[in-house]
Amino acid sequence: MTVSVDSTTDNQPASEPAESAASAGLASVSAASPAGEPEVLRPHAEGAFAAELAALAAQDDRPRPARWRLSPWAVATYLLGGTLPDGTVISPKYVGPRRLVEVAVTTLATDRALLLLGVPGTAKTWVSEHLAAAVSGDSTLLVQGTAGTPEEAIRYGWNYAQLLAHGPSRDALVPSPVMRAMADGMTARIEELTRIPADVQDTLITILSEKTLPIPELGQEVQAVRGFNLIATANNRDRGVNDLSSALRRRFNTVVLPLPESADAEVDIVSRRVDQIGRSLDLPAGPEGIDEIRRVVTVFRELRDGVTSDGRTKVKSPSGTLSTAEAISVVTNGLALAAHFGDGVLRPGDVAAGILGAVVRDPAADRVIWQEYLEAVVRERDGWKDFYRACREVSA
């Protein structure tokens, strides 16, 4: 017997279809809120970029897989950006190799799940969210993986009041996001899959191979309808990672998201995200901010790569990842300092403390590495004297 699952129950927020929110601002970072309701701090992708999704849907005349809101071509355009025939500009959500995005999108159009793999800060979660928003119009069917994630988070749980009063029944069953996605032909997401205990990970094997979720307590099952698929993310740098079994890994098509290839590409990514976050927080964007963004990116890349950008000086790498996401955080915090305690212009003193916090994770070893980098590289670099002094001040 197959049981259907009502996706509007269990106090899960139902996302509004992209087409019905077409009046939202183009590439806005905050969704329009109904009168009298507070504006959310971080709207879901399908709300924040509703206008772009609606514009793509209106002009998308290519074949669409079952229950997809957009064709694979339109999904890739949504992520990578472009200009539509009517002049609508689609902002890039991901700056990276186009072929990786195309492989990820086409994987979702097959019966294989998608695993986005990479070091921390390579936009795995960001890409996962936007893929789900473009494909299904709903990025909220999410399981957050942790060391304590139980099997019920992937399969289903029980309303214990109902269970004790009436025994196992459909009314007592609480579907997981994965179960709801299976029943409705949607895209589910699992973040940090390798942080979930191995025995809980293996719950996915039957779901991904048989496209079925048994409910033995009821003698029933949920069969996935067309359109269902799953996106998982995992990084290969964190400690305490639970490697996927070979049986589970075979159920995924893995796409490795790399770090930005060049400094210019990373500066572009950081600039775009900082601008979006800054506007959502009502922070002014200083005209000279790009200089400090480039400086932060340069420091992170040199320490990450173990060599200066000109290739002449080798440097030691600290224990932290120094990812693009951390660079975004450093610059955003610096922008807030400049706005609230400065003249609104991002300066070296505004980013120095953030860089120190990102680099020095191990107080003993990393502090020595940072001091050597300051004296051997930063001190001797033309145009970096103010930055050197600011870093020395916060490092004292």
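What share of the contacts in the chain with a separation of 6 or more comes from residues 24 or more positions apart? The share is 72%, with contact meaning heavy atoms within 4.5 Å.

**Figure 1. Overview of the predicted chain.** This is a predicted model, numbered from 1 along each chain as its sequence is written, in which local features need pLDDT of at least 70, side-chain atom pairs count only at pLDDT 80 or more, and totals for chains, interfaces and linings use all residues. Side-chain values use heavy atoms, without hydrogens and water. The chain has 16 helices and 11 strands. These are DSSP runs numbered from the N terminus: helices are H or I with at least four residues, strands are E with at least two. Of its 396 residues, 49% count as buried. Buried means under 20% relative accessible area, exposed over 50%, and partly exposed in between (1.4 Å probe, protein chains only). The accessible surface comes to about 18,300 Å² (Shrake-Rupley method, 1.4 Å probe). Carbon and sulfur atoms hold 51% of that surface.

**Figure 2. Helix α11 against helix α13.** Two packed helices are described by the angle and the distance between their axes. Here α11 (residues 263-280) and α13 (residues 324-341) have axes that come within 9 Å and cross at roughly 45°. The axes are lines fitted to C-alpha atoms over the stretch in contact, with angles from 0 to 180 degrees between N-to-C directions. The pair is therefore oblique, the class left over once angles under 35 degrees (roughly parallel), over 145 (roughly antiparallel) and 65 to 115 (roughly perpendicular) are set aside. The crossing is right-handed: the near helix is turned clockwise from the far one by less than a right angle. On the α11 side, the contact uses E266, I269, V270, R273, V274, I277 and G278. From α13 come T324, A327, I328, V331, T332 and L335. By class, the contact has eight nonpolar, three polar and two charged residues. Nonpolar covers Ala, Val, Leu, Ile, Met, Phe, Trp, Tyr, Cys and Pro; charged covers Asp, Glu, Lys and Arg; the others, Gly among them, are polar.

**Figure 3. L117 in strand β3.** L117 lies in β3 (residues 113-118). L117 is buried, at 16% relative accessible area. Its C-alpha atom is 6.1 Å from that of V255, 138 residues apart along the chain. Beyond four places in sequence, L117 touches K124, A234, N235, T254, V255, V256 and L257.

Figure 4. R67, not a glycine, has a phi near 65°. R67 sits in the loop between α2 (50-59) and α3 (72-80) and is partly exposed at 48%. K211 has a phi of about 55°. K211 sits in the loop between α9 (203-210) and β8 (212-215) and is partly exposed at 22%.
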